[in-house]
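Okay everyone, thanks for coming. Have a look at the screen, and I'll walk you through a few spots in this one.

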Amino acid sequence: MQPHNRGLLAVDKQGNRVLFLDPDTFTVQQELNAFPPRPHELLMLPEQEKAYVPIYGDGIHGDNPHPGHKVAVIDLRKRQINGFIDLSPLQSPHSGQLGRDGKVYLCCENSAAVAVIDPMTDKVEKIIKLPSHNAHRLTLSPSGRKLFTENEEDASITVVDLCEAEGRIIDNILLPGPISGIAASPKHPYLVASAADAPLLYVVDRQSHRIRQRIKLTAHQQPCQVVRFSANGERLVAIGDQEPLITLFDDLLNPLGDIQVGNKPMDGFFSADNRTLLIANEGDGSLSVIDLLQMKVIATPTAGKGCEVLSYFQLK
């Protein structure tokens, strides 16, 4: 296998750069640093041999005085920046996901909109406006028929029907309080949203759009932020916000255990075989490498100044 067919890409938000890491040793193989402030989030597009890295701006959610309006396009094989997609007038691009229709759906937080991008041409095809003040993250149903955005302080989830050409708003799910993360199960007909005001998860039925369960995160003192499923839906991780702790669940949302990680964990990624979970600890510039069979941290390599998100990739 050629060395560049397999890799690990990390967004070093604090270092304002993107790092190619060795997927086995986690050493830095290559650094890309020609970015406006600052890269947030990451969307891998291995079929196109590229990745999208949104340029969010120099602030954080709720305090982003100079919002960005671009998405960096990373060539995964050549390991270089191919250019930038200009989303103007949209501002503060953040999380995105590839749809079943082959289009990329990307939240633009300050604009309360979703940009729809063709990853073959890197062009914006349309904009879906949302009935909210902002939209921080999104998730798609496995069928690709519905898109859900979490609207943070609005305490709502907007539901978009993607079967209609322009994307039609079909519901706005009101929640008991603000939320800060969202993920749809790849295996079961529900999505999970993390409360922003308590260590609590809301489980929402994807068909009826009703809350069907509330899960207390008993080991956490603070709310969680990111919730992320493994690709096959067998595992869910809830990552502490400003708290060095994660909680793992099985596909039926039975708790499997709590694991201490590094300072200010931000996001994580499951290996394809579901044996390893990587957690990016932005506060101390480390990764927590978790063996999911042993349910413990087996290594804490350093990686940049403070990575927010990372992902393995495999090219043909």
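Let's start with a pair you can find by eye: leucine 9 has serine 311, in strand E28, as its bridge partner. Keep in mind that this is a predicted model.

Now zoom out a bit. E1 and E28 sit in an open sheet of 4 strands, ordered E3-E2-E1-E28, with antiparallel pairing. Which strands stand at the edges? They're E3, residues 28-32, and E28, residues 307-314; each has a single partner strand, so one side of each has no neighbour in the sheet. On average, neighbouring strands here are turned by 20 degrees against each other, ignoring direction.

Okay, on to another sheet. Here we have 4 strands in the order E16-E17-E18-E19, an open sheet with antiparallel pairing. Strand E16 (179-184) and strand E19 (211-216) are at the edges with a single partner strand each, so again one side of each is left without a neighbour. The twist from one strand to the next averages 20 degrees. If you want a pair to click on, valine 203 stands opposite glutamine 213 in E19. The strands E18 (residues 200-205) and E19 pair over 5 bridges, in the antiparallel sense.

Let's move to the loops. Go to arginine 79, in the loop between strand E6 (67-75) and strand E7 (80-86). What does a charged residue do when it's buried without a salt bridge? For arginine 79, the nearest side chain of opposite charge is aspartate 22, and that is 8.0 Å away. What the arginine 79 side chain does have is a polar contact with the side chain of glutamine 29, at 2.8 Å.

Next, glutamate 166. Is it buried or exposed? Glutamate 166 counts as exposed, because its relative accessibility is 56% and the cut-off is over 50%. You'll find glutamate 166 in the loop between strand E14 (156-161) and strand E15 (168-174). Leaving out residues up to four places away in sequence, glutamate 166 touches Lys126 and Ile128.

Most residues other than glycine have a negative phi, and most peptide bonds are trans. Here are some exceptions. The peptide bond from proline 37 to arginine 38 is cis, with omega near -25 degrees. Arginine 38 is in the loop between E3 and strand E4 (43-45). That loop also holds glutamate 41, which has a positive phi, near 65 degrees. Glutamate 41 is buried, with a relative accessible area of 6%.

There's another cis bond between serine 88 and proline 89, with omega about 10 degrees. Proline 89 lies in the loop between E7 and strand E8 (93-98).

And finally lysine 264, with phi near 55 degrees, a positive value in a residue other than glycine. Lysine 264 is in the loop between strand E23 (255-260) and strand E24 (265-270), and at 25% relative accessibility it counts as partly exposed.

That's my tour, thanks!

Conventions: Residues numbered from 1 in each chain as written. Predicted model: local features only at pLDDT ≥ 70, side-chain atom pairs only at ≥ 80, totals over all residues. Heavy atoms only, no water. Pairing = 2+ DSSP bridges. Helix = DSSP H or I, 4+ residues; strand = E, 2+ residues; numbered from the N terminus. Axes fitted to C-alpha atoms, helices over the stretch in contact; angles between N-to-C directions. Buried < 20%, exposed > 50% of the residue type's maximum accessible area, 1.4 Å probe, protein only. Contact = heavy atoms within 4.5 Å. Lys, Arg positive; Asp, Glu negative; His and termini not counted. Salt bridge = Lys/Arg side-chain N within 4 Å of Asp/Glu carboxyl O. Polar contact = N/O pair within 3.5 Å; in protein donor to acceptor, adjacent residues only side chain to side chain.
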